[in-house]
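Have the backbone and the helices on screen while you go through them.

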Amino acid sequence: MGKQQDVGGPDRHSGSDAAADGATGGSVDARLAVAQDPTTAQMTLIDLASDPSAVVRKAVATRADAPAQALRPLTRDHDRNVREAVARNPSTSIGNLLLLVKDADRWVRWAVAGNPACNESVRRVMAEAPDKELRGLLAETRDLEPELAARLADDVSPEVRERLATHTHHPDVITALLADRTARVRKGLARNPRTTAAQRSALAQDPVVDVRAALVLAVELDEADLRRLVDDRSVQVRMALATSELVPPHIRQALESDPDEMVAGAARDFRPGAGNAQVVRAPRIGHRAGGTGRGRPGGARR
């Protein structure tokens, strides 16, 4: 984490003198090749960090071996793609990540969330950010600090709480979210494999159909809960039961005589591993796909 190294003099370990002397000259393709060359001297990378081409600067920004003097100015680069590359670079210092997590561009902020160098000090800033997508990404963080998880359990955004509910492993947070009044939060919890048998039993009796259906598709349930759900008043829940890979054969067999023919047919026609169940997906993480699209509109500031 934060492994940037300051370079105090000429690099004697890599790169040729010719490459260093010609790094800032020639075509963009030639300079890009130098920026991508693993043998390029670090002093040359520092020079290329101020290259007029954003493509070359981005190439420097992506290098895990780039020195601090190269990455530092790129943190403030006018090109968003360059700053995003720095935000993803695991060698970027904590100080620069703290700057980038407050960047005006959402994709730069979101990139910081996925950086393995991101530590508790950065996550604390994320927890207070006005960007709900950034807080949502924080909610999905593995091994999130208990204090931050507890804070997100009270987040004003139901989406953030839902994403926390789906991913958290903190027992106290799970207990708190089980009492959340928003159905989508409890639905997220229904997908969480870290719930206890008692908590799953409570979710199996949730008044909202979507919660019960999500539970059936996501986790294994006790016999008593399954028996109760066979007679669930909702066709959606019974259909989920009939098509879930996690339901034992004897429960599915009981659904073959279901009063709804679609449910009965689904139970009779079920084939393990055939992709019978409708997939209940976890909330989407704010990650930009390749290409030029701007992506998810949900990351706007509230």
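**Exercise 1.** Find the place of Asp143, and give its phi.

Solution. Start with the place: Asp143 is in the loop between helix 10 (132–139) and helix 11 (146–152). Helices here are DSSP runs (H or I, at least four residues), numbered from the N terminus. Now the backbone: Asp143 is not a glycine, yet has a positive phi of about 60°.

A word on the ground rules: this is a predicted model, where local features need pLDDT of at least 70 and side-chain atom pairs count only at pLDDT 80 or more, while totals for chains, interfaces and linings use all residues. Residues are numbered from 1 along each chain as its sequence is written, and side-chain values use heavy atoms, without hydrogens and water.

**Exercise 2.** How do helix 16 and helix 18 pack, and at what angle?

Solution. Helix 16 (residues 209–218) and helix 18 (residues 235–243) have axes 9 Å apart and an angle of about 5°. Axes are lines fitted to C-alpha atoms over the stretch in contact, and angles run from 0 to 180 degrees between N-to-C directions. So helix 16 is roughly parallel to helix 18 (angles under 35 degrees count as such). Next, pick out the contact (heavy atoms within 4.5 Å): helix 16 brings residues including Val209, Arg212 and Val216, and helix 18 brings Val237 and Leu241, among them.

**Exercise 3.** At what angle do helix 14 and helix 16 pack?

Solution. Helix 14 (residues 183–190) packs with helix 16 at about 15°, their axes 8 Å apart. The two are therefore roughly parallel to each other.

Methods:
Angles under 35 degrees count as roughly parallel, over 145 as roughly antiparallel, 65 to 115 as roughly perpendicular and the rest as oblique.
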